Amino acid sequence: MNSKENDVMEIDLLQLLRAIIHRLWAVVLVTVVAAIVAFSYATFMITPLYKASALMYVNNSDISLAGSSFSISSGSLTAAKSLVDTYTVILKTRMTLNTVIERAGLSYSYETLYSMIETSSVNETEIFEIVVTSHDPQEAERIANTIAEVLPEKISSIVDGSSVKLVDYAVVPSQKASPSVTKITIMGGLVGFVAICGVIVVMELLDNLVKDEDYLLHTYNLPVLAAIPELDSSGSGGYRSYGNGGGR
């Protein structure tokens with residue numbers, strides 16, 4: 001029972017905080033170095049990506065799909081969203097994307113182009129957005145506008161009475177969508193800060209050297225009967241001659 005009690009380690013948070021403050025130079029140095037490394041990685045190692053988007057309008061009149069006719073109310077947002085989902089499926093079919101690849105003169109496979117395209121309804125309305133992500137801003141714009149050209153043809157050939165019109169064509173993006181250099185730099189600095197603080201805390205917890213009387217009292221609850229003063233290292237006084245062995 002006593003051995004278990006002796007094995008319990010009390011953690012003094014103030015002592016750990018003092019240890020970190022004492023090595024503040026190391027904390028600052030590692031944090032700055034980690035931030036610089038993260039900034040360099042985001043700037044020179046990650047290929048920037050650009051996004052170009054086009055807006056399409058979904059007609060909500062009577063349409064016929066697979067021989068079945070149904071009417072959609074212009075005030076029904078749920079129905080409009082359903083049409084957007086239907087047209088998104090048609091957009092991402094192999095037939096549609098292979099036509100886009102041919103017209104845009106792309107060297108991508110169907111699977112690669114599929115992963116580059118995202119679609120979503122704008123505020124749950126009949127307008128949906130086609131977003132193309134590419135490492136080349138001109139290519140992203142060309143693909144988005146080619147899709148806006150091909151999609152109405154494909155939809156009209158599949159869904160009778162449908163109408164999809166271009167609301168806004170894509171333009172060449174002037175700014176990259178990713179990576180966020182600022183975000184990555186901050187995250188790198190934060191990781192460096194946490195890592196160096198963790199190392200300092202572990203070093204402090206594993207340090208079992210007796211530093212002063214208070215250390216014995218608070219750590220082991222042992223009373224101090226006597227203390228040996230530090231030797232004088234200034235070259236004067238009897239402690240130095242005693243430590244050097246003195247003449248006999």
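Me: Which residues does Thr185 touch, not counting residues up to four places away in sequence?

Reply: Good place to start! A contact is read from heavy atoms within 4.5 Å. In this predicted model, Thr185 touches Ala35, Ala38 and Phe39 once residues up to four places away in sequence are set aside. Thr185 itself sits in helix H8.

Me: What does the side chain of Thr185 reach?

Reply: The side chain of Thr185 reaches the backbone oxygen of Val181, at 2.7 Å.

Me: Where is Glu204, and is it buried or exposed?

Reply: Glu204 is also found in helix H8, and it is buried. For a charged residue, the next thing to look for is a partner. Glu204 has no salt bridge; Arg23, the nearest side chain of opposite charge, is 4.0 Å away.

Me: How many salt bridges does a search of the whole structure find?

Reply: The search finds three. To read one, look at the distance from a side-chain nitrogen to a carboxyl oxygen, which must be within 4 Å. Arg103 and Glu149 meet this way at 3.2 Å, N to O. This pair links distant parts of the chain, with Arg103 in helix H5 and Glu149 in helix H7 (residues 137-158), 46 residues apart. Arg103 also pairs with Glu153, where the closest N and O atoms are 3.0 Å apart. Shared partners join Arg103, Glu149 and Glu153 into one network.

Me: Why does Arg103 count as partly exposed?

Reply: Partly exposed covers the range between under 20% (buried) and over 50% (exposed). Arg103 is partly exposed because its relative accessible area is 42%. Glu153, at 39%, counts as partly exposed too.

Me: And which salt bridge does Arg94 form?

Reply: Arg94 pairs with Glu111, and their closest N and O atoms are 3.6 Å apart. Here the link runs from helix H5 (residues 94-104) to helix H6 (residues 110-115), across 17 residues.

Methods. Residues numbered from 1 in each chain as written. Predicted model: local features only at pLDDT ≥ 70, side-chain atom pairs only at ≥ 80, totals over all residues. Heavy atoms only, no water. Helix = DSSP H or I, 4+ residues; strand = E, 2+ residues; numbered from the N terminus. Buried < 20%, exposed > 50% of the residue type's maximum accessible area, 1.4 Å probe, protein only. Lys, Arg positive; Asp, Glu negative; His and termini not counted. Polar contact = N/O pair within 3.5 Å; in protein donor to acceptor, adjacent residues only side chain to side chain.
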